[in-house]
Amino acid sequence: MLQKRVVVCLDVKEGRTTKGIQFQNNIDLGDPVEMAEAYYRQGVDELVFYDITASAEKRGIMIDVVRRVAERIFIPFCVGGGLTTAEDIKAVILAGAEKVSLNSQAVKNPELIRQGAKMYGSQSIVLAIDAKKDASMPCGYRVVINGGRTLTELDVLAWARRGHELGAGEIVLNSIDADGTKAGYELTITKLIGEALPIPVVASGGAGTPEHLRAVLQEGRADAALVASMVHYGTYSLAQIKDYLADHNVPVRR
Amino acid sequence: MSGSTGETVGILDYDAGNLTSVENALRHLGFNWILSSEPEALKNTDRLIFPGDGHAATSMENLKARGLDRLLVDFAARGRPILGICVGSQIVLDSSEEGPTACLGLIRGTCLRLPGGDGLKVPHMGWNAVHFETDHALMAGVPQDSSFYFVHSYYTKPAANVQVLGTTDHGIRFVVGFAKDTLATWQFHPEKSGSAGLKLVDNFLKWRP
C-alpha cells in the first residue's frame, strides 16, 4: 500500500534556514545542508526547500545549496521560490532536485507549468497554492500570492484543476490562515482538492502535533503532510510523528 | 558502506530524465562511471545502468536515434550486467501499452497501465513497501518489506520463466523487480530510496551473475 509521506519544509534565505510566522519575523535555524542530512538520517520521506531570498543577485546561493544537498541525501526533494523561467527550473533540476514547486509565478505565468512538465515530466512539477478562506469564492477559498500579501481573483479549486490540466503532477495546498498557528491543518479545502483531483495533495500550514498530521492524512485525504517548526525546534522527532501515525493505522515508511 | 571494484560503470543518457541522482549515488558509493549518449563511449564499460523517466515510446525512439538499443542488446549478449531502472525496467521487455510500442525484447513480457480506481491515484508516486519474492545477491543485506520510492503509471509483467525479485501493491499486486541471466531491473528509484536503495545499487555494482 502506498505510504503517506511526512515532508519537512525548510525556508532558505541567502543560504540559511529560517522560520517565520505567516512569512514575518524570520529567525536563523541553521545550515540547510546539515539540517537536510540530519532529517534524512531520521527517516524523512521528502524535503522541500523554499528559497525566500529577496534579492535576485543572491539567488545563485540556492543552486549551490541544492547541489550539496543532492550529493548527501538520497531521497526526493523539491525546491521552490523565485523560479520565474524555464531556465530557472532547469538549473534547479540539473543541480539534483527531483521536483520544483511553482507558486506566485505560476499564477502570473501559467505557461511555466506546461513548460516545466514538458521538459521534465509532470512528476517534477509541483503547484503550490496559498489558500485563504473567503466565502465569496465558489469553493470557499481564494488563491493568494506573494506570501499571502496579494489577493488574486482565482478560486482555489478551479486553479488546482487548471494547474493539473497544464501538467502539474502534485499540489501543495498551504493554508494562509493556519500557517504558523500550530492549531492544525485546514481539513476542508485539503479534502476538497484531494477528492477532486487525480494527483497527490500535500497538506501544508498549521501542523503542531502528530494528531494534526493524522487528521489531515485520514479525514483530510491528503497524500502527504508538510511539517516545519514542530520538528525544527525539536518539539517532536520524526520517529515520534511516524510512530503516532503508524499506531493510528496511517501507512508510513519506517 | 562500500568500495570501488575498480570497474567502470556506464550510465545511458538518452534524454530520459535527470541523471544527477544516479551519478550522486555512484559517487557516494565510491564507483567510477561514464555518463554518455554515445555507444562508442559505453561499449567497453564493465556494466551498465539503464535509467529512465517518462514515456516508453519516446524513450524507445530516443534510444534508437542514438544506437543505444543495439548497445544494450550487445551488452546482454556478451553477458555483462545491466540494471534497468523505472522506464529502463519496462522497455527491456517485448512491448509496452504506453504508446503502445515494441520494446527491446531482452526479456519476454509486457508492460501494462496500472488500473487505479477506488480512490487510488495514478501515477503511483511515493514510498511503498517491496516484498522480496526470493533470496538473491541483489537484495543481500536489505530488510524484507523495505520501502522504496516509486513514480510510474505502467507496471511490468514479465513472462512466467523470468525470476521475480520483488512485488508491491497499489490496487493490484505487481512485479517491481526481476532478473534473467545478467539483466536485473527495479521499477522504483533505488538511487532516491535512502539507505535501502543505495544498498541495492551497491549490490548490483558488485553482482557476479
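Two strands are said to pair if DSSP finds at least two bridges between them. In the predicted model described here, strand β10 (residues 170–175) of chain A pairs in the parallel sense with β11(A) over 4 bridges, and within this pairing Val172(A) stands opposite Val202(A) of β11(A).

In soluble globular proteins, nonpolar side chains tend to be buried together. The largest nonpolar core of the model has 145 residues, and those with the most contacts inside it are Val100(A), Ile171(A) and Ala225(A). When residues up to four places away in sequence are not counted, Ile171(A) touches Leu127(A), Ile129(A), Ala160(A), Gly163(A), Ile193(A), Leu197(A), Ile199(A), Val201(A) and Val202(A).

The loop between α8 and β12 of chain A contains Ala222(A), which counts as buried because it has 27 C-beta neighbours inside 10 Å, the cut-off for a buried residue being 20 or more. With residues up to four places away in sequence again left out, Ala222(A) touches Val201(A), Val202(A) and Ala203(A), and its other contacts are Thr190(A), Gly194(A), Val216(A) and Leu217(A). From C-alpha to C-alpha, Ala222(A) and Thr188(A) are 11 Å apart in space, although 34 residues separate them in sequence. Arg221(A) lies in this loop between α8 and β12 of chain A as well, but Arg221(A) is partly exposed, with 17 other C-beta atoms within 10 Å.

Helix α5 (residues 111–120) of chain A has Leu112(A), Ile113(A), Gly116(A) and Tyr120(A) as buried residues. These residues lie on the same side of α5(A) because they cover an arc of only 100 degrees around the axis. An α-helix has 3.6 residues a turn, so residues three or four places apart point the same way. The exposed residues Glu111(A) and Lys118(A) are carried on the face of α5(A) turned away from its buried side. Among the elements of chain A that cover the buried residues of α5(A) are α3 (86–94), β6 (99–102), α4 (104–108), β7 (125–133) and α6 (156–166). Just after α5(A), Gly121(A) takes a positive phi of about 90 degrees.

The contact between the chains takes 22 residues from chain A and 26 residues from chain B. On the side of chain B that touches chain A, at least two residues each are supplied by α1 (20–29), β8 (124–129), β10 (147–152), β12 (163–170) and α6 (194–205) of chain B. By class, this side of chain B has 13 polar, 7 nonpolar and 6 charged residues. In helix α1(B), the buried residues are Thr20(B), Ser21(B), Val22(B), Asn24(B), Ala25(B) and Leu26(B). These buried residues of α1(B) pack against α2 (60–72) and α3 of chain A, together with β1 (8–12), β2 (32–36), β3 (47–50) and α6 of chain B. Helix α1(B) is followed by Gly30(B), whose phi is positive, near 85 degrees.

Some backbone features remain to be described. Most residues other than glycine have a negative phi, and most peptide bonds are trans. In chain A, a positive phi is found in Arg221(A), near 60 degrees, and in Asn249(A), near 65 degrees. Asn249(A) is placed in the segment after α10 (238–247) of chain A and is exposed, with 8 other C-beta atoms within 10 Å. In chain B, the peptide bond from Gly99(B) to Pro100(B) is cis, with omega near -5 degrees, and Pro100(B) is placed in the loop between β5 (95–96) and β6 (101–102) of chain B. The peptide bond from Val122(B) to Pro123(B) is also cis, with omega near 10 degrees, and Pro123(B) is found in the loop between β7 (109–113) and β8 of chain B.

Terms used. Residues numbered from 1 in each chain as written. Chains lettered and ligands numbered in written order. Predicted model: local features only at pLDDT ≥ 70, side-chain atom pairs only at ≥ 80, totals over all residues. Buried ≥ 20, exposed ≤ 12 C-beta atoms within 10 Å, placed from the backbone. Arc of directions from axis to C-beta. Contact = placed C-beta atoms within 7 Å. Nonpolar A, V, L, I, M, F, W, Y, C, P; charged D, E, K, R; others polar. Core = buried A, V, L, I, M, F, W, Y, C linked by C-beta atoms within 7 Å.
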